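Please look at the sequence and structure first.

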Amino acid sequence: MRIEVTIDGKFLALSLSSDKPLNLLLIDEMGTRSIRNSCRGGMCGNCIVLLDGKAVLSCLVPAFEIRERTIMTFEGFSRTRDYRDIEKAYAACDMHPCEACHASRTLLIESIVRRHEMAASDFDEAEILQESALIDCHCMDSAGFVEVVREALANRRKRKNVRRA
Amino acid sequence: MYVELRSPNIHEPASMTEYNNTIVNYRGTTPFLWAGGTEIMSEPDFYPALRGNMEIISLDRIEELHHFLRNDRYAEFGAMVSINEIAQAGKLVLPKILLDTINGTATRTIRERITIGGSLCTRRFKTALASTLMILDAAVELRYMKKRMHSKWFQISRIYDKDGRLDVPAGALLSKVRIAIQQYDYQYLRSVGSPVKDPCDACTLAMVARFEQNSISYARLIFTLPDRGFCYSRDLDNMITSMQLPVNISRYAQIENFVIDHIREGFADLSPLREDRLRGMIHDMIKDINERVLSYTGRDVDRFNG
């Protein structure tokens, strides 16, 4: 099956099996190193990428669903200015995720920040706590995760000069 | 590594008419109907697939399956509406127990990919969402092929057999789900364990009830055992409605035993962990009913809805 897709800003035309999971596609075709394929769909949460700006577990996305869509992996995201907001938040809260989950956690935070950066109300803390359970790694506690999200959101709003009601 | 594998054919009909044509063209084969894909993709042997000549019909581009509408009596959702959209769209009108079930299903990132149609048609495990919809008397529209395409509405409980397996005509498509808009005096949901990671020991209890002074006038109770199916019956409902409230603490064990025996009769055996969990759930539920009844003044019905 021929698939046209934009990965990390590069427009690509790939020929591959239509049911191939996105994480394997990224590992095999793109040589992406930030994604892990340890659970094979078991929802360990270590293969998060941004699909059209939203976090998804790439092991649950088949190749035929990414046609004409935009994918951002951690490799691509870490070269953007948006990444600096999250990096600063990690430093400000003195919370640093381990090497295994750093990429996925960062992309998950980015997805949450994008969802809330223009919102007038504050985010639902219970929902963020639940989101933190998506990544099956205990290097960062849930309260710490919420703190980092809050800090990253503040950084983003400050940088983009978002005025809230 | 997977170069020699045959890539499955993907059909992406854009309307129900195109879907019908696809089904007619592939009559005799059993195509995969692809909704959100969360369950299929999490099967350990999904990729590389061992099945040859696989035909996948992706339902994502069928506009009709993404619609939802609401009137005074019910809300109707297309099968491809994600459960997260349902929770957001129906926040103010849908029964609280349904919203709690959806919010407890998974994190928002996963919920955005789970569709309501897909979660009712899972094969490996049964979801709490299906059981909650059963006690809320939800109905589904099935489209299936005889000589031509038919559509018919069924109560959700009628699309499963007694073991909780999906029992619909081959190639049938679950196209819509209709949920009555009504609130209950009492709604209780308790879930333990993950149906995906721990299907053998996970269990869920859901109950809705209406009170009348010191008794329960209407009750629907259902247990979900993800690997076995659903346990609900008139006997359990009658047992709840016959309870004198508040329930005396000496009767707790009696009720627990009755329910556990009833589940055993339906599902053969329960693991010790699952039995403990079920006993705990029943105990907590009766305690919760007692608390609500003892604090009920008869005026503020909303207090029962938490």
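Predicted model: local features only at pLDDT ≥ 70, side-chain atom pairs only at ≥ 80, totals over all residues.

Modeller: Residues are numbered from 1 along each chain as written, chains are lettered from A, and side-chain values use heavy atoms, without hydrogens or water.

Biologist: Why does the radius of gyration of chain B agree with a compact globule?

Modeller: The radius is taken over C-alpha atoms, and the globule rule is 2.2 Å times the number of residues to the power 0.38. For 306 residues the rule gives a value near 19 Å, so chain B agrees with its radius of 21 Å.

Biologist: What percentage of the residues of chain B count as buried?

Modeller: Buried means under 20% relative accessible area, exposed over 50%, and partly exposed in between (1.4 Å probe, protein chains only). Among the 306 residues of chain B, the buried share is 52%.

Biologist: How far apart are the centres of the positive and negative side chains in chain B?

Modeller: Lys and Arg count as positive, Asp and Glu as negative, with His and the chain ends not counted. Each charge is placed at NZ of Lys, CZ of Arg, CG of Asp or CD of Glu. With 39 positive and 38 negative side chains, the centres of the two sets are separated by 3 Å.

Biologist: How far apart are the C-alpha centres of domain 1 and domain 2 of chain A?

Modeller: Domain bounds come from an automatic or database domain assignment. Chain A is divided into domain 1 (2-73) and domain 2 (81-164). Their C-alpha centres are separated by 22 Å.
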